[in-house]
Amino acid sequence: MCQLLGMNANTPTDLVFSFTGFARRAEEHKDGFGIAFFEGAGARLFVDAQSASVSPVAQMVRSYPIRSGHVIAHIRKATQGEVRLENTHPFVRELWGRYWVFAHNGNLVDFHPVLHGAFRPVGATDSERAFCWLMQELAKAHARMPAVPELTATLAELVPRVARHGTFNFMLSQGDALWAHCSTKLHYVERRHPFGHARLQDEDMSVDFATVTTPDDRVAVVVTEPLTQDERWTSMQPGELKVFVDGRAVD
């Protein structure tokens with residue numbers, strides 16, 4: 001089973017702590033990793049078909065001063081598509097003059113939608129096909145970038161048409177919001193003032209968030225399995241689609 005990590009914040013936030021614990025899970029998920037994070041309208045993407053436990057790219061990311069309001073990371077355990085760079089998540093596409101980033105955990109059976117010229121997969125994964133189809137259908141539904149609530153409503157109509165083909169845990173962002181869909185397993189935590197200590201589940205590492213934040217900061221972290229021992233993580237329900245804006249879950 002692949003592992004997903006997403007972060008949404010109201011101010012550019014350091015992800016090194018969360019990514020360090022997340023990358024440890026690559027010891028059991030060795031078929032590649034990737035991370036994408038937004039800087040204004042731009043998106044940086046780092047992917048490697050090697051395991052994050054041995055990848056020089058992952059080592060660079062762990063030491064890179066990543067500060068972003070929107071991040072999606074993925075550790076791959078292949079189900080469809082060979083272990084190749086083009087099959088490594090996250091995937092990126094442009095729509096309405098904005099970058100969109102997508103990562104998927106699961107397996108979609110007999111999902112072969114008709115795709116038109118603007119959105120076609122480069123690799124051979126069910127995940128990238130699903131992403132291209134979502135982008136295609138969003139483009140058909142709206143002539144220009146709608147507001148986040150309208151996008152959420154459209155996604156809520158589209159996602160079940162993919163999810164009926166199998167397991168469809170995913171994260172999606174265009175730099176304003178983070179959408180997370182739970183098919184089997186996702187958890188999230190919202191960090192806000194007063195901030196406390198947190199210790200990673202997978203690594204002997206802790207942080208006092210009060211020393212690296214301001215009282216106005218808000219950060220939401222979404223992950224397949226909780227990353228820390230001493231925070232209250234909320235389990236998402238199967239079939240639930242949530243959207244996070246400025247570090248909090250919104251209706």
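Why does Ala-130 count as buried? Its relative accessibility is 0%, so Ala-130 falls in the buried class (under 20% relative accessible area, with exposed over 50% and partly exposed in between, using a 1.4 Å probe and protein chains only). The model is a predicted one, where local features need pLDDT of at least 70 and side-chain atom pairs count only at pLDDT 80 or more, while totals for chains, interfaces and linings use all residues. Residues are numbered from 1 along each chain as its sequence is written, and side-chain values use heavy atoms, with hydrogens and water left out.

Ala-130 sits in helix 3, residues 126-141 (helices are DSSP runs of H or I with at least four residues, strands are runs of E with at least two, and both are numbered from the N terminus). Beyond its neighbours within four places in sequence, Ala-130 is in contact with Leu-108, Phe-111, Val-162 and Phe-168 (heavy atoms within 4.5 Å). His-104 is 26 residues away along the chain, with 8.9 Å between its C-alpha atom and that of Ala-130.

On to the aromatics: the whole structure holds 9 aromatic pairs (Phe, Tyr and Trp rings, the six-membered one for Trp, with centres within 6.5 Å; planes under 30 degrees apart are stacked, over 60 edge-to-face, the rest tilted). Trp-100 and Trp-179 count as stacked because their ring centres are 6.1 Å apart and their planes are at 15°. With Trp-100 in strand 6 (residues 98-105) and Trp-179 in strand 8 (residues 178-181), the pair ties together parts 79 residues apart in sequence. Both Trp-100 and Trp-179 are buried. Elsewhere, ring pairs join Phe-102, Phe-131, Phe-168 and Phe-170 into a cluster; Phe-168 is also one of the contacts of Ala-130.

Gly-34 faces Val-47 of strand 3. The two strands make a hairpin with 2 residues between them, and Gly-40 in the turn has a positive phi of about 60°.

As for pockets, the largest has about 290 Å³ of space and is lined by 19 residues (a pocket is an open set of points on a 1 Å grid over the protein atoms alone, where a 1.4 Å probe fits, with protein on both sides within 12 Å along at least five of seven lines; lining residues have an atom within 4 Å of a point). The volume is the space filled by probe spheres set on the points, which are joined across faces, edges and corners. Strand 1 gives the most to this lining, with 5 residues.

Definitions and conventions: Pairing = 2+ DSSP bridges.
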